[in-house]
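Open the model in your viewer and keep the sequence panel beside it.

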Amino acid sequence: MVQKDKVLKPMRIWDVADYSIEIFKNNFKTFVFISLILHIPWIFAKFLIDTPDVKEGFVSFLRYIEVTNSNSTDLLGAAGKSFVEDVFVLLNIIYSLTIKLVFHAAIMKVVYYYLVDDIYDFSYKNILKIIKNGFKYMWRMARYKVYFYIVLFGVFILSFIGGLFGFSFIASIVIPLEEILSADLTIILSVVITLIVGPVVIFFPVGVIWTKMILGYNFIVNEGLSVSESRKRAFRMSAGSSRHIGFSSLFCYIIYIIVGKMFTIISFYVYGVYENDIIFYILYSLGTVLSTILYPFVIVFITVLFIDIKVKKDGLDLEIKLNELIEKQENAINTNNGEV
């Protein structure tokens, strides 16, 4: 791992993206190593599972067991493939609430150590230690994640209901216009207003809550707080910074999608135009590999945002400088045998 001098200062949106890219580049081997242990094996297994031939083979295997067992009921029948898919969906949920969260915790710790603690030795032995320590945050992160998505879902439902009232209000305004405007122009006006008002009414509240809660994972991992304390701390620290967090995250997600998903997007385009299965699977496989390798970048920039907010709200940069001054003074005292 390449270590560099810490440059902790308040960052703008493009600074967060630039710094995240730099950190990801300088720690690429470390992130790939962690991914090979905690993330890539599952992605590879999921990729195989999603292959139609593998699903058909698994269903055939279960049918064989069913036929040879005289006491069995009709387990599969017409719903066999659906049953198999449900099992794999359940496994994916279990992975997302366990090992994947350990993976996230390890990446967060690496970024935090890299930016805040320049004396930490990033040998492979210590990286394995970071991964091992990540398990102690797993259940708190899992509870926070469940709480996070319940809140987001609740806000979405309320926003959707509000959107229905909004659409009714729009209709009450637009429908009388049919007497003044042409039918086509009235339809176009309705669509334009809906496209403008809909996302604002439905998705804006969800986005605001997301920005206020996304930093909670870092408070669990890097400050060791409980679920409730992390939630409260995330809301307090994000106050007045929702726009900064939201636009920075959107900018970085766009970078990840453009770079990490480009082969996947191209593969669907090629299949739609040429209907070539071989080229599709090659490009789709490349897209899966690339997006998997680049996935830690998402966690990196959220952690950089967390540190940026701590610099702005907690004076983390001043705290680090103070600790460095105290350390230098203690070293000077030890060097001069106690004489300043």
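Is K145 buried or exposed? This is a predicted model, and in it K145 has a relative accessibility of 14%. The cut-off for buried is under 20%, so K145 counts as buried.

**Around K145.** Select residues 138-174 to display helix α8, where K145 is found. Next, show the side chains of S96, L97, L101 and Y217. K145 is in contact with these four, leaving aside its neighbours within four places in sequence.

**Helices α1 and α15.** Now select residues 13-26 for α1 and residues 296-314 for α15. The two helices pack with their axes 9 Å apart, at an angle of about 125°. That angle makes α1 oblique to α15. The crossing of α1 past α15 is right-handed.

On α1, pick V16, Y19, S20, I21, I23 and F24. Their partners on α15 are P296, F297, V300, F301, V304, L305 and D308. Colour this set by residue class: eleven of the residues in the contact are nonpolar, one is polar and one is charged.

**The whole chain.** Zoom out and colour by secondary structure: the protein chain has 16 helices and zero strands. Of its 340 residues, 38% are buried. Among contacts with a separation of 6 or more, 78% join residues 24 or more positions apart.

Definitions and conventions. Residues numbered from 1 in each chain as written. Predicted model: local features only at pLDDT ≥ 70, side-chain atom pairs only at ≥ 80, totals over all residues. Heavy atoms only, no water. Axes fitted to C-alpha atoms, helices over the stretch in contact; angles between N-to-C directions. Helix = DSSP H or I, 4+ residues; strand = E, 2+ residues; numbered from the N terminus. Parallel < 35°, antiparallel > 145°, perpendicular 65-115°, else oblique. Left-handed = near helix turned anticlockwise from the far one by under 90°. Contact = heavy atoms within 4.5 Å. Nonpolar A, V, L, I, M, F, W, Y, C, P; charged D, E, K, R; others polar. Buried < 20%, exposed > 50% of the residue type's maximum accessible area, 1.4 Å probe, protein only.
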